[in-house]
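I am opening a notebook page on this structure, and I will write down what I look up, one item at a time.

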Amino acid sequence: MTSAHTPRPGDTPLPGDTPLPAHTPRPGDTPRPGDVLPPGDTPRPGGGGDVLDRWFAQVGAELGVELAGVDVAALLDLTREVAHGVARPAAPLTAFLVGLAAGRDAVVGGTDAAVAVRAATVAVLGLLDLRTAEAAQPIRPGPASSR
């Protein structure tokens with residue numbers, strides 16, 4: 001039995017999916033596969049390009065957050081790893097928790113915000129490594145199976 005899958009913007013197409021129509025993104029939109037980008041909005045490998053950089057800067061300014069030294073590529077890598085290793089909805093929630101932890105550590109511990117983000121990112125990557133290692137462990141028979 002097969003089920004129809006309607007991709008949402010940003011989804012990776014599955015075999016049999018009907019491709020989304022190309023569109024021209026509005027200023028501030030994150031590009032989707034097949035988008036027609038205005039000049040100067042060239043995506044980087046992994047997505048985003050100038051649009052992502054501008055959006056990140058605009059949000060940081062609006063929220064009064066200092067972004068100097070924040071490794072955007074590392075955060076994108078983290079969310080990709082969480083999305084693939086746990087579940088897609090876990091990625092933005094994890095990024096939110098990394099931000100909360102970094103903010104707390106920056107205020108309470110007097111740590112530089114960018115350093116706090118890196119530390120929280122490393123902690124979550126360690127948790128992902130642990131999760132992967134546990135999943136790779138063979139199932140050992142317990143007392144009930146030794147009969």
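I began with Thr94, which I found in helix 3; helices here are DSSP runs of H or I with at least four residues, numbered from the N terminus. I noted that the model is predicted, that local features need pLDDT of at least 70 and side-chain atom pairs pLDDT 80 or more, whereas totals for chains, interfaces and linings use all residues. Residues are numbered from 1 along each chain as its sequence is written, and side-chain values use heavy atoms, with hydrogens and water left out.

Next I looked up how helix 3 (residues 90-108) meets helix 4 (residues 113-136), and their axes come within 8 Å and cross at roughly 135°; axes are lines fitted to C-alpha atoms over the stretch in contact, with angles from 0 to 180 degrees between N-to-C directions. On the helix 3 side, the contact includes Thr94, Val98 and Asp105, and on the helix 4 side it includes Ala113, Val117 and Val124.

Last, I turned to helix 4 itself, where the buried residues are Ala114, Ala116, Val117, Ala120, Thr121, Val124 and Leu128. I recorded that these buried residues pack against helix 2 (72-85) and helix 3.

Key
Helix = DSSP H or I, 4+ residues; strand = E, 2+ residues; numbered from the N terminus. Contact = heavy atoms within 4.5 Å. Buried < 20%, exposed > 50% of the residue type's maximum accessible area, 1.4 Å probe, protein only.
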